[in-house]
Amino acid sequence: MAQPDSKKIFFENLSGAGKAIAVLTSGGDAQGMNAAVRAVVRMGLYVGAKVYFIHEGYQGMVDGGENIKEATWESVSSMLQVGGTVIGSARCKEFRSHEGRLKAAHNLVQQGITNLCVIGGDGSLTGANLFREEWSGLLGELVEQGLIEADAVQKYSALHIVGMVGSIDNDFCGTDMTIGTDSALHRIIEVVDAIMTTAQSHQRTFVLEVMGRHCGYLALVSALACGADWVLIPEMPPEDGWEDKMCQKLSATRSRGTRLNIIIVAEGAIDRHGKPITSGIVKDLVVKCLGFDTRVTILGHVQRGGTPSAFDRILASRMGVEAVLALLETTANTPACVVSLCGNQSVRLPLMECVQMTQEVQRAMDGKRFEEAVKLRGRSFENNLRTYKLLAHRKPESELPISNFNVAVLNVGAPAAGMNAAVRSAVRVGISEGHKMFAVSDGFEGFYKGQIKEIKWADVGGWTGQGGSLLGTKRTLPAKHVDKIAEQMRKHNINALLIVGGFEAFLSLLELLTARGKYDEFCVPMVMVPATVSNNVPGSDLSIGADTALNAITTTCDRIKQSASGTKRRVFIIETMGGYCGYLASVGGLAAGADAAYIFEEPFDIRDLQANVEHLTEKMKTSIQRGLVLRNENSNENYTTDFIYQLYSEEGKGVFDSRKNVLGHMQQGGAPSPFDRNFGTKISAKAMQWVTKKLVETFRQGRVFANTEDSCCLLGMRRRALVFQPVVQLKDETDFVHRIPKEQWWLKLRPLMKILAKYKTSYDVSDSGQLEHVVRNRPKELDASVAM
């Protein structure tokens, strides 16, 4: 398939020939570790290096022998979807001793290994850095003891370390998300959604205890994702007297007609005096003070288990490839680094800077400097906490600012999971800021028909976990009915619009902007939050709903591949949604371990199809039994899914047979993923705060009048930042015929999928992470805080 021009082709510049790379997983396991191991092995082999597994973590390194084995391409097949770590993990006391590290150094030198990729938490990575610092001294001792030759000291003079953080707690400073966190959130939210149905039936209160002995990230984000009534975390213990406040909150929620309460407790939750707050204490308190029927559920190791989410597979695959690149580029003077994600961007950070910052958090908590601890956790954590407080705790009417502004919220375009979380967030933030909020049913069709009504705080309770669009959504554009919409704006005195939707929402804003010349009613602040499974909105790298769709694709591909286990060799051709945008096919292909993904943005012809068939034929002659090919629905009008299926069936005769599946609207359905719930919640809250700011700025002589370009914006994620962009400025970036942005960041991920599927291809490393320093608090404009 045709490739975009590459500024730098790494296998010409960054050869791994003659190098030996070892990969190990250490400490607690986390879903997605296997995806990282797979990526390191295949990328290492791809660049010509020898790659080794170290089984059982540092214990295997100390014991040596059969624990250190050379890896092959096939040895990491079929592990992408497996939870935990197939190469084993163990906590090793022996490695903490000098003698243990001496044994480990001897075992590595025997195999010629001087490059280590360590996947684990801060303890594992700190141990790796100490090992690196002692390396030359250890080799000297081995020479003295006669265990290695003197020339080995020169040959293996430096040990290079690159770390990837695998931890479900997301407790490592410097990275937005650690491998395993998103999957753990999936497990928690699956349980919360299930519990909510039984709690509602019996009008019960449920206290859920989640993991997080020293970090409250899982508790905080799951509380945000399910709209929990109360959350208790170690970084921000409740003020004295919290018991009465919590009971008042639960009682007030019930008095408004809600049939259940959810309280989430991190296992390390404490009060202001350092005294533990357990789930049992919370339950007893609720029963004693309120008499509510209360149950406790302790999730325990369920959170570590299960298959990794699409996000974790993609994160781990990207980080694994980045780790190999970092090892190839390292010199004797390069500090040990951690590869991680900031916003949507790969970064490399000095390992010990991250470890020291992580330890500072604990010191701040031990010293009861809780505000400082929250800040040290990073902007993402701080933003989550601020947003949770804003949405969960309603201020009394007397404390609300009086703005006298009316703000309308509507959904436009096809439904996307997470839309309801976005609407809930907009409504509650708007009410908190003193506005009167109006809900418009059925998009602009409902708008011109007058389907507009005020929406209150309690009306959006329980919306975060609901799929689809509870407001109702239509693809109707406003241009044909602009006079009637202006009339409704006038009738209801609407002073601002917040639209949650996809490409139609973008087109709608452009039409309303044009209508300002004729109707003053549209001279109000207008903002759009992107929500579409296709992820085809210009001005934003991500859209609400795309993550849920990716998880649906990934889960289905796993099941489809499993259906062929134990049978003869088989290739599956799977069609995904997305219109002309190949995001779902490409990124879904990376998450599911596809051999090819056909998309509109990367034209292909019959020669490419033939090359793919031949490539699969070669692979099928090895131990690999299953192939997976994804096709975006509009990738080519002639090379249809049926055509590709028939071609593969004919050309693969005697080697493999083929099956096809069209996934269809299942990609749009289902409960939103934790990522989409939180992305929708936070981006919508930010949009509403922008609306408030613009209303204040444009209120003159008793009315709102906003007719500048920057009063009609799209709020999107760009690399590391959430950015408000005037829609008129995005016109030049848009291919209106095919309804896609002209430039799309994820196209740079396509070579990753091909490399991991054993294709020779070019890979642009100009965008790979550069070594940066850990920043205590990034400037506000760089606050993507989107990776949750």
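Me: How many contacts beyond four places in sequence does the model have for residues 777-788?
Reply: This is a predicted model. Its pLDDT stays under 50 over residues 777-788. For that stretch, the contacts beyond four places in sequence number 48.

Me: What average pLDDT does the protein have?
Reply: Of the residues, 95% score at least 70. Residues 1-11 fall below 50, and the model gives this stretch 39 contacts beyond near neighbours in sequence. The protein's average pLDDT is 91.

Me: How many cavities of 30 Å³ or more are there, and what is the volume of the largest?
Reply: The count of cavities of 30 Å³ or more comes to six.

Me: Which residues lie nearest the centre of the largest cavity?
Reply: The lining of this cavity has 21 residues. By class, 15 are nonpolar, three polar and three charged. Nearest the centre of the largest cavity lie Phe311, Asn344, Leu542, Tyr583 and Trp745.

Me: Which element gives the most to the lining of the largest cavity?
Reply: Two or more lining residues come from each of helix H11 (310-329), helix H19 (546-562), helix H20 (583-592) and helix H23 (674-698). The top contribution is four residues, and it comes from H11.

Me: Which element gives the most to the lining of the second largest cavity?
Reply: The residues lining this cavity include Met164, Thr178, Leu315 and Ser340. Strand S5 (160-165), H11 and strand S10 (337-342) are the elements that give two or more residues. The most, three residues, comes from S10.

Me: How many charged residues are in the lining of the second largest cavity?
Reply: Take the lining by class. Eight of its residues are nonpolar and three are polar. The number of charged residues is none.

Me: Which residues have the most contacts inside the largest nonpolar core?
Reply: In soluble globular proteins, nonpolar side chains tend to be buried together. Here the largest nonpolar core has 191 residues. H11 gives the most to this core, with 13 residues. Those with the most contacts inside the core are Met164 and Ile264.

Me: With which residues is Ile264 in contact, leaving aside its neighbours within four places in sequence?
Reply: Ile264 is one of the residues with the most contacts inside the largest nonpolar core. Sequence neighbours within four places are set aside here. The contacts of Ile264 are then Leu208, Val210, Ala219, Ser222, Ala223, Cys226, Ala228, Trp230, Val231 and Leu232.

Me: Is Asn493 buried or partly exposed?
Reply: Asn493 sits in the loop between helix H17 (482-491) and strand S16 (496-501). Its phi is near 50°, a positive value in a residue other than glycine. Buried would need under 20% relative accessible area, and exposed over 50%. Asn493 has 45% relative accessibility, so the residue counts as partly exposed.

Me: Is Gln701 buried or exposed?
Reply: The loop between strand S22 (699-700) and strand S23 (703-704) holds Gln701. Gln701 is not a glycine, yet its phi is positive, at about 50°. Because its relative accessibility is 86%, Gln701 counts as exposed.

Notes:
Residues numbered from 1 in each chain as written. Predicted model: local features only at pLDDT ≥ 70, side-chain atom pairs only at ≥ 80, totals over all residues. Heavy atoms only, no water. 1 Å grid on protein atoms, 1.4 Å probe; cavity = no way out; pocket = protein on both sides within 12 Å on 5 of 7 lines; lining within 4 Å. Points joined across faces, edges and corners; volume = space filled by probe spheres on them. Nonpolar A, V, L, I, M, F, W, Y, C, P; charged D, E, K, R; others polar. Core = buried A, V, L, I, M, F, W, Y, C linked by side-chain atoms within 4.5 Å. Buried < 20%, exposed > 50% of the residue type's maximum accessible area, 1.4 Å probe, protein only. Contact = heavy atoms within 4.5 Å. pLDDT = per-residue confidence, 0-100.
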